[in-house]
Amino acid sequence: MKATRDGFGEALLELGKQNENVVALSADLEDSTRAEYFKKEFPDRFFTTGIAEQDMFGTAAGLALAGKIPFACSFAVFLLRGIDQIRISICYNNTNVKINGSHTGLMVGPDGATAQAMEDIAIFRALPNMTVLVPADSNETNKATIAAAEHQGPVYIRTGRAPVPDITSENDPFEIGKIRLLREGKDVAIFAAGSTVQPALDAADALVKDGIKATVANVSTIKPIDTETITRLAKEIGVFVTAEEHQISCGVGSAIAEVTAQHCPVPIQMVAMMDKFGESGQPDQLLDRYGINAKSIAAAAKVALK
Amino acid sequence: MAQRLNIEELKDTARSLRREILKVIAKAGSGHPGGSLSSVEIILTLYGTKLRFDPKQPESPDRDVFIISKGHGTLTAYAVLAEFGFFPKEELQHFRELDCRLQGHAHRSVPGIEASTGSLGQGLSIANGFALAAKLDGSDRRTYCLLGDGESQEGQVWEAAMTAAHRNLNNVCAIVDANGVQQNGPVSTIKDLEPLADKWQSFGWNALDIDGHDVEALIKAYDAAEKETSKPTVIIARTKKGKGISFMEGNHKWHGKAPKPDELEAALAELK
């Protein structure tokens with residue numbers, strides 16, 4: 001069990017050791033986002049703007065234009081106050097800035113709604129030139145971070161606060177733009193991203209008892225979306241469930257539905273936050289209250305199959 | 001950092017740039033004459049006497065960097081860049097046309113334009129990024145950033161100001177084209193910025209307050225900024241929106257409107 005934010009922090013430090021052009025920025029949340037691992041080793045290449053996210057994004061853009069590879073980090077909720085800066089200084093300029101949004105979803109827990117990012121995927125995937133990565137575990141986050149550094153152009157990496165089970169192994173490859181199948185079953189395809197991947201696997205286990213065999217797909221890249229894999233599964237299986245710790249609007253489910261609607265329409269049941277803000281509570285309690293867990297995913301599969 | 005133009009040449013070129021700016025905006029049928037005319041001396045003097053650049057190598061690593069944060073004033077920057085040979089002058093005639101890289105707001109595809117801007121308040125942070133990179137690289141290259149006074153109502157400008165002062169970015173020089181007028185009226189009635197020099201000073205900057213149309217005052221100010229070793233410098237350049245045309249000066253209606261043919265003719269007559 002390890003948090004995806006830890007995988008990010010370790011990868012960023014590793015990148016810093018390999019490439020002196022890698023720099024990191026924070027808006028006073030480097031301890032929480034784990035950018036502090038890099039800061040401790042490379043204090044001269046770490047820049048905090050204090051509690052000023054718009055300034056952080058503009059500064060990152062300038063560093064990138066001057067040839068550096070900047071990683072700008074904060075809670076995903078606070079990235080939203082700099083969306084114009086991300087849109088123009090980063091995406092419109094196509095600067096080589098990598099953005100980490102941490103503490104996503106209800107699993108942030110007791111801090112409550114203002115810290116629980118549930119709208120970030122929707123916004124980031126609408127931006128031209130932006131790549132959107134939602135890795136499922138710490139291992140995969142490590143690889144996604146390294147892939148982000150190698151990619152030319154803006155990248156968003158979504159991480160979480162709480163430890164999550166290891167799903168991928170050190171030897172599993174990570175490729176931007178590829179959906180990987182963790183389980184294969186002919187009855188229903190469950191597409192999950194980030195913290196909902198383990199619940200999707202648990203749901204698939206539970207469904208076996210009801211004679212339902214589920215494919216579980218790890219959507220670790222939301223943009224560019226893997227149209228080929230989605231369309232193939234639509235043709236082969238024809239019934240989908242999507243799951244995300246994110247609002248129902250414009251997130252993972254929508255990204256999948258955009259593909260199927262255009263290429264191979266199939267029924268889809270979407271497990272997501274139903275257009276509500278979260279609240280304080282323990283992660284498990286919140287996931288239960290708002291219906292984003294293995295139980296809901298299994299139930300959604302049965303509905304989809306009707 | 002060679003003096004490419006002397007005082008007389010700067011004044012003559014300023015006049016011809018104003019004629020060009022008005023003709024191009026009139027031809028395009030849209031643009032921002034008021035804020036483009038107010039910054040002519042600011043940008044021309046920078047390129048003509050101070051900035052380190054080679055138009056044949058617009059991306060050379062040891063160049064000074066100029067960012068036009070008030071991106072709607074980009075035509076002045078385009079015209080100065082063309083004047084110094086970054087691209088052919090006749091390209092200016094296609095400003096704002098489909099498939100011309102001279103976009104309505106500053107765009108990176110134009111040789112010499114360092115960052116695409118147009119949403120106000122973002123350029124100074126970008127300038128700080130360039131400056132931080134220069135310090136990391138041990139380079140003495142400098143970064144200049146042109147802001148509007150209306151633009152300075154954006155909070156991000158002050159976030160960036162704090163960053164530059166906190167990090168002793170003496171290699172940053174901001175210039176405020178303080179023409180006193182924004183889109184819907186005078187800055188002083190919409191959200192007054194005065195005392196502006198005091199504000200920058202209290203934010204830890206070396207603040208200079210000069211006549212922004214006085215070429216000699218600009219040269220002295222750019223020199224003073226370069227000599228400052230511990231803090232960034234801001235040059236508050238007091239200018240007139242629509243400078244040079246009697247019916248445009250100080251008039252917010254000329255913020256974003258193109259002159260019609262008869263208005264262009266009247267304007268050019270004043271710029272002989």
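Some bookkeeping before the structure. Residues are numbered from 1 along each chain as its sequence is written, and chains are lettered from A, with ligands numbered from 1, in the order in which they are written. Since the model is predicted, local features need pLDDT of at least 70 and side-chain atom pairs count only at pLDDT 80 or more, while totals for chains, interfaces and linings use all residues.

I start with chain A and its domains. The assignment gives domain 1, residues 2–164, and domain 2, residues 180–305; such bounds come from an automatic or database domain assignment. The centres of the two domains of chain A, taken over C-alpha atoms, are 25 Å apart. Where they meet, 27 residues of domain 1 are in contact with 31 residues of domain 2. Contact here means that the C-beta atoms of two residues, placed from the backbone, lie within 7 Å. On the domain 1 side, the elements giving two or more residues are helix H7 (120–125), strand E6 (131–133) and helix H8 (138–150) of chain A. Helices (H or I, at least four residues) and strands (E, at least two) are DSSP runs, numbered from the N terminus. That side of domain 1 divides into 16 nonpolar, seven polar and four charged residues. For these classes, Ala, Val, Leu, Ile, Met, Phe, Trp, Tyr, Cys and Pro count as nonpolar, Asp, Glu, Lys and Arg as charged, and the others, Gly among them, as polar.

Next, a sheet in chain A. In what order do the five strands of this open sheet run? The order is E9-E11-E10-E13-E14, with mixed pairing. Two strands pair if DSSP finds at least two bridges between them. At the edges are E9 (180–183) and E14 (268–273) of chain A, each pairing on one side only. On average, neighbouring strands are turned by 25° against each other, direction ignored. E13 of chain A, residues 240–247, pairs with E14(A) in the parallel sense over five bridges. Within E14(A), A:Ile268 stands opposite A:Phe240.

Helices lie across this sheet. H9 of chain A (residues 197–208) lies across E9, E10 (188–192), E11 (214–218) and E13, and runs at about 175° to E11(A). H11 of chain A (residues 252–263) lies across E10, E13 and E14, at about 140° to E13(A). For these angles, axes are lines fitted to C-alpha atoms, for helices over the stretch in contact, and values run from 0 to 180 degrees between N-to-C directions.

Two local points in chain A. A:Lys223 and A:Pro224 are joined by a cis peptide bond, with omega about 0°. A:Pro224 sits in the loop between strand E12 (221–223) and helix H10 (227–236) of chain A. A:Asp28, not a glycine, has a positive phi of about 70°, and is in the loop between strand E2 (22–26) and helix H2 (30–33) of chain A.

Now chain B. Its secondary structure comes to 10 helices and seven strands. The radius of gyration of chain B is 17 Å, close to the 19 Å that the globule rule gives for 272 residues, so chain B is as compact as a globular protein of that length. That radius is taken over C-alpha atoms, and the rule is 2.2 Å times the number of residues to the power 0.38. Along its principal axes the C-alpha trace of chain B spans about 50 × 45 × 35 Å. Of its 272 residues, 52% count as buried. Buried means 20 or more other C-beta atoms within 10 Å of a residue's own, exposed means 12 or fewer, and partly exposed is in between, with C-beta atoms placed from the backbone.

Is B:Arg15 buried or partly exposed? B:Arg15 counts as partly exposed because it has 13 C-beta neighbours inside 10 Å. This residue is in helix H1 (7–28) of chain B. Its C-alpha atom is separated by 8.0 Å from that of B:Lys272, 257 residues apart along the chain.

Chain B also has a cis peptide bond, between B:Glu194 and B:Pro195, with omega about 0°.

Last, the two chains together. 23 residues of chain A are in contact with 20 residues of chain B. Helices H4 (53–65) and H6 (83–92) of chain A are the elements giving two or more residues to the chain A side. H4(A) provides the largest share, nine residues. By class, the chain A side has nine nonpolar, nine polar and five charged residues.
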